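Student: Could you show me how to read a few features in a model like this one?
Tutor: Gladly, let us go through it together.

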Amino acid sequence: MLVTVILAAGKGTRMRSDLPKVLHRLLGLPLLEYALEATASLGPDLRVVVVGHARGKVEAAFSGRGIVWAHQDPQLGTGHAAHCGVEAAAGSVEDAEGVEVLVVNGDLPLLRSETLTALLETHRGTSAAVTVLTCVKPEPAGYGRVLRNDDGFLRDIVEESDADEATRRLQEINVGTYVFGLQEFRECYSKIGRGNAQGEYYLTDVVVEAARGGKRVATFRVEDPEEIEQVNSRAELARAGSLLRCRLLDRYMAEGVTILDPETTYIEKGARIGRDTTILPFTMIERDVEIGRGCEVGPFCHLRPGARIADEAVLGNFVEIKNSQIGRASHVRHLSYVGDGVVEDGVNLGAGTIFANFDGKKKHTAVVRKNASVGSGAVLVAPVTIGEGAVVGAGAVVPKGRDVPAGAVVAGVPARVIQRGKRKQEQAESPGTSGA
Ligand code: UD1
Ligand code: CA
């Protein structure tokens, strides 16, 4: 049986925030989401998250996800947090024998699930009591240092605040991710104290206790130091976000999306982009956005949640799209806002087209039917529909409810029909044909 325990009870003092650290967002998702995602791939039988500081907020943000919440109050350190998690899990475990507990710090958003799998395999392959994830980091500041015996076995883990000069120079660090046998954890936890610089029960001391007690302590080294970036401060949040952003952009490019300038392109997790679409510089694409194939997006384009862009659409400079559909081969090339809109295929929205979707209380939908054309600087006050093939003149304001018939041409403020729909017009010009 496998239990995962994510430690997320800390206040995150170094964030200097009213929001708990694990709710700060990276690429649109709360920090905790990344640990949940990475551990989910191991297929645990039980998923425990340890919460304490502002736990109501954390639990609310992740309700209905099948998580067992363990409460740590007060927060007496990572060892104490893991103990709270282990005991919460033990309540649901019939037999502690053979239960494996994977403990992960909640502030490691770049950890790959493959690494966790390899850690678990090492633990099983070596029949260890405890297996610790380590990394050699040329700039190890801020991490606990791993000390080894001459024979290579782990001897100690020393926090930076407890380390002397020589220890601080060591480059092998503790990542903050471990596998314990449940019983071994209990046994070793009962023996640790809090006589350290921070006056806390350190999880690292549980590991060291196991080593000193003659238990088998294995280590697994993660090669890529990027994976172990932790988030203690807002500067680290930004750095981790930037690394995640690059990782995600690489994935889109591998799937056939052209990104002209990855440095200035921000795409959140959960956006879907079709192949042969080109993203131009300074573009922001939020989560829950779908873009089809062969589109051109940007530069300076902002796509917000609910944007659905069909194949071959063109979205240009300073265009914002929210909760709207843009049809196949439709163009929104300059300076426009489309909110709560349905834009069908082959539509052209001229420069500066605005969908006025909000009446001060409610949001409404505006629809632009196939092959319609909207002139520069037009305002469509929703709810309203622009009919198929209709033309809205430059600068027109189409008031709410004043639908424009198919094929009609409207202009002015408020917009009036200056030419009726094509079909009707043809009938008017040749009354003999349809009447006879
Ligand atoms: C910890 C490790 C350190 C390691 C580093 C790497 C210890 C003692 N030190 O230090 O060796 O190099 O992570 O990431 O474990 N938490 C609780 N309850 C608490 C305290 C913390 O749930 O009482 C949670 C936090 O919310 C956080 C995680 O545990 O998600 C780690 O805590 P943090 O304070 O960031 O530990 P570090 O000082 O970074
Ligand atoms: Ca940390």
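**Reading the model, feature by feature**

Tutor: Proline 109 touches Leu26, Leu31, Tyr34, Glu229, Val231, Ala240 and Leu244, leaving out residues up to four places away in sequence; contact here means heavy atoms within 4.5 Å. This is a predicted model, where local features need pLDDT of at least 70, side-chain atom pairs count only at pLDDT 80 or more, and totals for chains, interfaces and linings use all residues. Residues are numbered from 1 along each chain as its sequence is written, chains are lettered from A and ligands numbered from 1 in the order in which they are written, and side-chain values use heavy atoms, without hydrogens and water.

Student: Is proline 109 buried or exposed?
Tutor: Buried means under 20% relative accessible area, exposed over 50%, and partly exposed in between (1.4 Å probe, protein chains only). Proline 109 has 3%, so it is buried. Its place is the loop between strand 6 (100-105) and helix 4 (113-125); helices (H or I, at least four residues) and strands (E, at least two) are DSSP runs, numbered from the N terminus.

Student: How far apart are proline 109 and glutamate 33, in sequence and in space?
Tutor: The two are 76 residues apart in sequence, and their C-alpha atoms are 8.2 Å apart in space.

Student: Which polar side chains meet ligand 1?
Tutor: A polar contact is a pair of N or O atoms within 3.5 Å; within protein, one must be able to donate a hydrogen and the other to accept it, and residues adjacent in sequence count only if both atoms are side-chain atoms. Here, oxygen atoms of ligand 1 lie 2.7 Å from a polar side-chain atom of glutamate 159, 2.9 Å from a side-chain N or O atom of asparagine 105 and 3.1 Å from a polar side-chain atom of aspartate 107.

Student: What is the phi of serine 127?
Tutor: Serine 127 has phi near 50°, a positive value in a residue other than glycine. Serine 127 is exposed, at 59% relative accessibility. Phenylalanine 282 also has a positive phi, about 60°, and is partly exposed at 46%.
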